[in-house]
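Open the model in your viewer and keep the selection tool ready. The stops below go one after another.

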Amino acid sequence: MQTLTLMEDIDSLKTTFGEDLIEYVKGGQLNRFELFGENNIMYFKVYNITQPLSKPFKFIILQSREDLSILCHGKRAKELMTDCYSPRITDNEKQLYNIFSLLLKNDGDNLESLEEHIIKTEDNLVERVKMDYQREIVGIRKSLMVLKKYYYQLLRVFEGISENENQLFSSSGLALLHIIEKRLDRLHGNTMNMREYVSQLHEAYLADMDLEQNSIMKVFTVVSTIFLPLGLITGWYGMNLKMPETQWVMGYPFVIVITIFVVVGCLYYFRRKKWF
């Protein structure tokens, strides 16, 4: 018998799976996959891959040799599972295959869209399009972290299925579910590759910021260097001393000429050295 029910109605399954198992599940301390006597317990979360930072949907699957029950945490989770659960499929192994196949149906395409978004962000960085790259990159990294955890926990569920310690799965059923496991492994690998890509993008962004700051500091340095000799001239003639050139009728124009010569000379020298 197969059932799809809310977690709040779990007591109705005591006659099917036994009171001990139901009380254990209600305790909430569940691993992703574990054995309880002759039964399997699978606990996992499903994320909206287009909005990975949103609240996930939680599910618990109880499996015996004859029965399969899917517990949903909340009405929204049940609505999602209703779209994946097929009442026409009476075989437990095929039902599990159908559920996970539909849950992961669009994940490959959505990961490709996320990868294209990362590439677009990199192109914008190279072309120096104005945007908040720090916030954008951090948001992508958080999303990929959630997706990594999502696929990893599902892989742990399927590792337990593959071990098949209580022999609830047939060889044909294991072969069928192994298809889902391989798909999960590819999705997890793609997520890890994108995390590495985003890390490199973040490093490139920090390097670009360093270059920009160095350019700004170079401009400040050039300006300070130009005004340094001018400050010396100002300090020299600002002293309260009687200097011969101060009595010279051409003294003031001469200082102006020296000042202009220093500024032009410094600019020419720095330009020639390609310092700005």
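Buried means under 20% relative accessible area, exposed over 50%, and partly exposed in between, with a 1.4 Å probe and protein chains only. The model is predicted, so local features need pLDDT of at least 70 and side-chain atom pairs count only at pLDDT 80 or more, while totals for chains, interfaces and linings use all residues. Residues are numbered from 1 along each chain as its sequence is written, and side-chain values use heavy atoms, without hydrogens and water.

Select asparagine 164 first. It sits in the loop between helix H6 (133-163) and helix H7 (171-237); helices are DSSP runs of H or I with at least four residues, numbered from the N terminus. Asparagine 164 is buried because its relative accessibility is 6%. Its phi is near 50°, a positive value in a residue other than glycine. Most residues other than glycine have a negative phi.

Next, select glutamine 167, in the loop between H6 and H7. Its phi, near 60°, is positive too. Is glutamine 167 buried or exposed? Glutamine 167 is exposed, because its relative accessible area is 53%.

Move on to valine 249, in the loop between H7 and helix H8 (251-272). With a relative accessible area of 71%, valine 249 is exposed.

Finally, select Tyr47, Leu80, Leu102, Leu103 and Asp107, which lie nearest the centre of the largest pocket among its 15 lining residues. A pocket is an open set of points on a 1 Å grid over the protein atoms alone, where a 1.4 Å probe fits, with protein on both sides within 12 Å along at least five of seven lines; lining residues have an atom within 4 Å of a point. Helix H3 (75-84) gives the most to this lining, with 3 residues.

How values were computed
Helices (H or I, at least four residues) and strands (E, at least two) are DSSP runs, numbered from the N terminus.
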